[in-house]
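Please read it alongside the sequence and the coordinates.

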Amino acid sequence: MAMETVNSWRELDDAIADRSFGRHEHRVHSTLVFRGLARSSYSNVSSLARLSGEYARLERHLIRNFRKYAHREAPGPTTWDWMSLAQHHGLPTRLLDWTFSPYVALHFATASWPDDDAVLLAVDCEAAHELLPDSLRVALARESALVFTTGMLSQQAADLDEFDELGRGEDPFVLFFEPPSLDERIVNQAAVLSAMSNPTFQMEEWLEGHPDLWRAWRIPPAVKAEVRERLDQANVNERVLLPDLDGLASWLRRYYSPGPTDALQAAGGASMDGVGEGAQQEGSMTGSERG
């Protein structure tokens, strides 16, 4: 489907609340997950793919060495716990950051690049999961769950090899899971992660092939400023979503700046999967300036 341009906070808020999308009879609440992009030129491509070259061959090396050198952290026993921790700290992975909260996603879409259009993306993860292989769908149904936990996922695929094997011979699928509550950031951001069944297949391609399962709204600069003001009034800001001294400093720097702050400085509140100067800065659940 085409991206819709919104002309005001009220128009955006009404669009998010539209009950004709992301609602299923057996669910009480919305089944949408959201992702915020600070610039409309940004894409939904994994940080692993941005390494370019034969990046898929690097994935297991990255995770293996991350676990080796970060063993004291012990996020949990499964590969997916370690993947979550790695993503959280900026290691290139196939995962993408999402949230159950549209306002959290809007924070990351509006905390930087004030002169550029932003994008809010919503995917119906219930409908997306209807396309999963049978074993995964049965596992979700057994728990009456909307998304996987790392424990549920590890029972179906103990590692990336087993996960990729589930998708072999099938159309590539996307799976959404909740990371473990590693720290307050993940909890406060209502964080969700997505994993593609093939590291070389990107969310952009999946979206193109399933236009009925998502919606997106373009937010022009004037509306972006209005949304930012509303979020600050509602206490949706770096101080709450990135609850440490870095987040506090990022919030104070942005809030008290007399004009637009430098994009990379502001990235403390909006760096989704981007790493380093010149990298795509989208609104990451890591929230760090360097990824």
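The points below cover salt bridges and then a nonpolar patch. The model is predicted, and 17 salt bridges are present in it. Three of these pairs are described here: D13 with R10, R215 with D18, and R60 with D164.

**A salt bridge within one helix**

- The side chains of R10 and D13 form a salt bridge, with an N to O distance of 3.3 Å.
- Both residues belong to helix α1 (residues 9-16), where they are three residues apart, and therefore about one helical turn separates them.
- D13 counts as buried because its relative accessibility of 16% is under the 20% cut-off.
- R10, in contrast, is partly exposed, its relative accessible area being 45%.

**A salt bridge between a strand and a loop**

- R215 and D18 are joined by a salt bridge in which the closest N and O atoms are 3.0 Å apart.
- Distant parts of the chain are linked by this pair, as R215 is in strand β7 (residues 214-219) and D18 is in the loop between α1 and β2 (32-37), 197 residues apart.
- R215 has a relative accessibility of 21% and counts as partly exposed.
- D18 also counts as partly exposed, at 32% relative accessibility.

- R60 and D164 form a salt bridge, their closest N and O atoms being 3.3 Å apart.
- R60 lies in helix α2 (residues 59-69) and D164 in helix α8 (residues 160-167), so the contact ties together parts that are 104 residues apart in sequence.
- Through salt bridges that share partners, R60 and D164 belong to one network with E59, R94 and D161.
- Within this pair, D164 counts as buried at 11% relative accessibility, whereas R60 counts as partly exposed at 31%.

**A nonpolar patch on the surface**

- L245, L248, L252, Y255 and Y256 form a nonpolar surface patch, and together they have about 550 Å² of accessible area.
- One of these residues, L248, is found in helix α13 (residues 245-255).
- L248 is partly exposed, with a relative accessible area of 31%; this value meets the patch criterion because residues in a patch must have over 30%.

How values were computed
Residues numbered from 1 in each chain as written. Predicted model: local features only at pLDDT ≥ 70, side-chain atom pairs only at ≥ 80, totals over all residues. Heavy atoms only, no water. Patch = residues over 30% accessible without salt bridge, like charges linked within 9 Å, V, L, I, M, F, W, Y side chains within 5 Å. Areas by Shrake-Rupley, 256 points an atom, 1.4 Å probe, with all protein chains shown as cover. Salt bridge = Lys/Arg side-chain N within 4 Å of Asp/Glu carboxyl O. Helix = DSSP H or I, 4+ residues; strand = E, 2+ residues; numbered from the N terminus. Buried < 20%, exposed > 50% of the residue type's maximum accessible area, 1.4 Å probe, protein only.
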